[in-house]
Amino acid sequence: QVDSLQTSVAGLTTTVQAHESRIRDQDTVLEERRRELVTVYYVVGTRDQLTKAGIVIATGGFLGLGRTFQPAPDVNEARFQALDTDQQTSVTIAARKARVLTAQSTSSYQLVTAGGQLELQILDVREFRKARHLIILTE
């Protein structure tokens, strides 16, 4: 009877370890999905920097006057920095003037001067995340 109980305990121990391993794997998958959902990729730069990097394109204008800048259609995410909006809700901008070129709702963020630098503060995280990329043009 003792041998039978020891065999049962060994079997249950193996089952528990298998379940714990599956739970760890599922936790890893859930964390990866969470990061995917809450991550916004951002880049900050001047017109020249962003144009040379292929992140924005200039359209319209005549002889360089009146041009507007907009995000390039095919964006290379390697040039962007990841922002986990669950952990961080602001981006420091080393410039006096800046504007957001991407499609974030203007009600979801604000540009605030803090310590002589600009800071983009996310006010409505859910609305802000609707656009996966954030391009900030500095002047």
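I start with Thr138, which lies in strand S9, residues 133–138. Helices and strands here are DSSP runs numbered from the N terminus, with at least four residues of H or I for a helix and at least two of E for a strand. The model is a predicted one, in which local features need pLDDT of at least 70 and side-chain atom pairs count only at pLDDT 80 or more, while totals for chains, interfaces and linings use all residues. Residues are numbered from 1 along each chain as its sequence is written, and side-chain values use heavy atoms, with hydrogens and water left out.

Is Thr138 buried or exposed? At 10% relative accessibility, Thr138 counts as buried; the cut-offs are under 20% relative accessible area for buried, over 50% for exposed and partly exposed in between, with a 1.4 Å probe and protein chains only. The Thr138 side chain comes to 3.4 Å from the backbone nitrogen of Thr46. Setting aside residues up to four places away in sequence, the contacts of Thr138 include Val44, Arg47, Ile93 and Lys97, where contact means heavy atoms within 4.5 Å.

With residues up to four places away in sequence not counted, Ile136 touches, among others, Val43, Leu50, Val91, Val100 and Leu120. Ile136 is also one of the residues that touch the most other members of the largest nonpolar core, which has 15 residues. Such a core is a set of buried Ala, Val, Leu, Ile, Met, Phe, Trp, Tyr and Cys residues joined through side-chain atoms within 4.5 Å. Two or more residues of this core come from each of strand S1 (39–45), S5, strand S6 (98–100), S8 and S9, and S8 gives the largest share, three residues. Another core, of nine residues, lies apart from it and includes Leu50, Phe69, Phe80 and Ile135.

I turn now to the sheet. Three strands form an open sheet in the order S5-S8-S7, with antiparallel pairing; two strands pair if DSSP finds at least two bridges between them. Strand S5 (90–93) and strand S7 (109–114) are at the edges with a single partner strand each, so one side of each has no neighbour in the sheet. S7 and strand S8, residues 117–122, run antiparallel and are joined by six bridges. Within this sheet, Val112 stands opposite Glu119 in S8.

My last topic is charge pairing. How many salt bridges does a search of the whole structure find? The search finds seven, a salt bridge being a side-chain nitrogen of Lys or Arg within 4 Å of a carboxyl oxygen of Asp or Glu. One of them joins the side chains of Glu31 and Arg35 at 3.4 Å, N to O. Both residues lie in helix H1, residues 2–38, four residues apart, about one turn of the helix.

Asp86 forms a salt bridge with Arg34, with the closest N and O atoms 3.0 Å apart. Asp86 is in the loop between strand S4 (81–84) and S5, whereas Arg34 is in helix H1, so this pair ties together parts 52 residues apart in sequence. Asp86 also meets Arg129 in a salt bridge at 2.7 Å, N to O. Arg129 belongs to the loop between helix H3 (125–128) and S9, so here the parts tied together are 43 residues apart in sequence. Arg129 is buried at 18% relative accessible area, whereas Asp86 is partly exposed at 42% relative accessibility. Through shared partners, salt bridges join Glu31, Arg34, Arg35, Asp84, Asp86 and Arg129 into one network.

Terms used: Polar contact = N/O pair within 3.5 Å; in protein donor to acceptor, adjacent residues only side chain to side chain.
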